[in-house]
Amino acid sequence: FAGEWPRVYAITDPVSSPVEVNLGAVKDGVLRTGREELNFFGTDFPGTLELSAPISVTMQFAGTAHELTYGLLHFLVGDARIDDASQYVYPGAGCAFSDIDVTLRGERVNCDGHMIVFQIHQARASGAVEIGANPSDVIGTPIEVNALDDSGGVFGGSSTAPLGWIWTSKV
């Protein structure tokens, strides 16, 4: 699901006391899911597939954020919670881990006029933070957000939906 995501927001404390923090529009946003399987073949010739088991399932959202705020920078750098009021961001200064995780949700309408909504239950930013120097890059910074396993339900996930969900209005 690639394209412009005009509404992307983080939800802090999604189970106990949810608060939405708007991340603004994300241009060239891409929602990715992946599945890697390990295949075991028998010893006969020609080899026949005996067992196929998933070893990795992923969910990721990446794009360019066009509204650079200190809340977004806190989230991307990982020094404090996304709703921290400090306008100073300190790369490498914090050892914040679970307190920087959020639920990430994005909403868009595709070219056919159908709604697409996704949610990553427990999301954490990763990758480099880049703030461009060109006049056209001043407000855009790349973001990369990965889903963490929330099968325990801390952020609303479950054993049947540990990473998140995707909803579309198209049948």
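A residue counts as partly exposed when its relative accessible area falls between the buried range, under 20%, and the exposed range, over 50%. At 32%, R7 is therefore partly exposed. Keep that scale in mind for what follows; the model here is predicted.

**The overall picture**

The protein has one helix and seven strands, and in sequence order they run β-β-β-α-β-β-β-β. Its C-alpha atoms fill a box of roughly 65 × 40 × 35 Å along the principal axes. Of the 171 residues, 34% are buried. If you take the contacts between residues at least 6 apart in sequence, 57% of them join residues at least 24 apart.

**Charges and their pairs**

There are 9 positive and 21 negative side chains, and the centres of the two sets sit 7 Å apart. Side chains of opposite charge can pair when their charged atoms come close. A search of the whole structure turns up eight salt bridges, among them these:

| Salt bridge | Closest N and O atoms |
|---|---|
| E4 and K27 | 3.3 Å |
| R7 and E107 | 3.2 Å |
| R81 and D13 | 3.4 Å |

R81 is in the loop between α1 and β4 while D13 is in the loop between β1 and β2, so this bridge ties together parts 68 residues apart in sequence. Salt bridges with shared partners also join R7, E20 and E107 into one network.

How accessible are these partners? R81 is partly exposed at 27%, and D13 is partly exposed at 31%. E4 has a relative accessibility of 38%, so it counts as partly exposed, and K27 is partly exposed at 32%. E107 is another matter: its relative accessibility is 18%, which means it counts as buried.

D79 lies in the loop between α1 (70-77) and β4 (102-109).

Technical notes. Residues are numbered from 1 along each chain as its sequence is written. This is a predicted model: local features need pLDDT of at least 70, side-chain atom pairs count only at pLDDT 80 or more; totals for chains, interfaces and linings use all residues. Side-chain values use heavy atoms; hydrogens and water are left out. Helices (H or I, at least four residues) and strands (E, at least two) are DSSP runs, numbered from the N terminus. Buried means under 20% relative accessible area, exposed over 50%, partly exposed in between (1.4 Å probe, protein chains only). Contact means heavy atoms within 4.5 Å. Lys and Arg count as positive and Asp and Glu as negative; His and the chain ends are not counted. The place of a charge is taken as NZ of Lys, CZ of Arg, CG of Asp or CD of Glu. A salt bridge is a side-chain nitrogen of Lys or Arg within 4 Å of a carboxyl oxygen of Asp or Glu.
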